[in-house]
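Subject: Structure handover

Hello,

Here is the structure I said I would pass on. Please open it alongside this message, and read the notes below with it in view.

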Amino acid sequence: MSQHHPAPGTGGDPLLTNAELACPLTAQVVVFAVLAERHPGLHGAYNTTSQFTPTEAHVLLDGPADLEAWRQATHTDVRDVQLIKVDGEWKVVFTASVGPIVLRVYTVFAPASSAVTA
């Protein structure tokens with residue numbers, strides 16, 4: 001990453017140029033690139049974006065362990081992580097602001113008691 005993109009959560013959010021701020025996709029790329037540079041062991045994710053919420057990205061992870069790694073990488077407080085049930089499925093979720101982008105990070109999983117009885 002260039003010198004004008006310090007790591008998020010290390011005392012300064014990514015400093016985006018006016019051109020990058022005008023293009024949310026560019027801002028998203030910068031956020032993910034900085035996370036990848038600063039946390040090379042961070043597991044990849046299924047990421048989705050929308051033209052209707054251009055400053056937001058959804059990050060779907062494989063399981064709770066991956067979610068915990070992303071929580072630590074985004075410096076999200078453990079108290080901001082929620083366990084919710086949506087349409088019969090359990091999700092662990094948190095929201096993290098990284099520069100101008102809001103990451104909605106989650107994973108869907110079967111709790112241990114459900115997995116044992118299945």
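The notes below go through the model part by part.

First, a caution: this is a predicted model.

Nonpolar core

The largest nonpolar core is made up of 17 residues. Leu 35, Trp 70, Leu 103 and Val 105 have the most contacts inside it. At least two residues of this core come from each of α2 (24-38), β2 (56-61), α3 (64-73), β4 (89-98) and β5. The largest share is that of β4, which gives four residues.

Helix α2

Helix α2 has 15 residues, and the distance from its first C-alpha to its last is 21 Å, close to the 21 Å expected at 1.5 Å a residue. Its buried residues are Ala 27, Gln 28, Val 30, Val 31, Val 34 and Leu 35. They cover an arc of only 160° around the axis, so they lie on the same side of α2. Leu 25 and Val 29 are on the other side of the helix, and they are exposed.

Aromatic pair

There is one aromatic pair in the structure. It consists of Phe 32 and Trp 70, whose ring centres are 6.4 Å apart; the planes stand at 65°, so the pair is edge-to-face. The pair links distant parts of the chain, with Phe 32 in helix α2 and Trp 70 in helix α3, 38 residues apart. Phe 32 counts as partly exposed because its relative accessibility is 21%. Trp 70, with a relative accessible area of 5%, is buried.

Ile 101

Strand β5 covers residues 101-109, and Ile 101 lies in it. Its relative accessibility is 1%, so Ile 101 counts as buried. Which residues does Ile 101 contact, leaving aside its neighbours within four places in sequence? They are Pro 24, Ala 27, Gln 28, Val 31, Pro 54, Thr 55, Ala 57 and Ala 96. The C-alpha atoms of Ile 101 and Ala 27 are separated by 7.1 Å, although the two residues are 74 residues apart along the chain.

The loop between α3 and β3

Thr 76 is in the loop between α3 and β3 (82-86). With a relative accessibility of 7%, Thr 76 counts as buried. Its side chain is joined to that of Thr 74 by a polar contact of 2.8 Å. Leaving aside neighbours within four places in sequence, Thr 76 is in contact with Arg 71, Phe 94, Thr 95 and Ala 96. Ala 96 is also among the contacts of Ile 101.

His 75 is found in this loop too. Its phi is near 55°, a positive value in a residue other than glycine. His 75 counts as partly exposed, because its relative accessibility is 47%.

The loop between β3 and β4

Asp 87 is placed in the loop between β3 and β4. Asp 87 is not a glycine, yet it has a positive phi of about 50°. At 78% relative accessibility, Asp 87 counts as exposed.

Regards

Conventions: Residues numbered from 1 in each chain as written. Predicted model: local features only at pLDDT ≥ 70, side-chain atom pairs only at ≥ 80, totals over all residues. Heavy atoms only, no water. Buried < 20%, exposed > 50% of the residue type's maximum accessible area, 1.4 Å probe, protein only. Contact = heavy atoms within 4.5 Å. Core = buried A, V, L, I, M, F, W, Y, C linked by side-chain atoms within 4.5 Å. Phe/Tyr/Trp six-rings, centres within 6.5 Å; stacked < 30°, edge-to-face > 60°. Polar contact = N/O pair within 3.5 Å; in protein donor to acceptor, adjacent residues only side chain to side chain. Expected span 1.5 Å × (residues − 1). Arc of directions from axis to C-beta.
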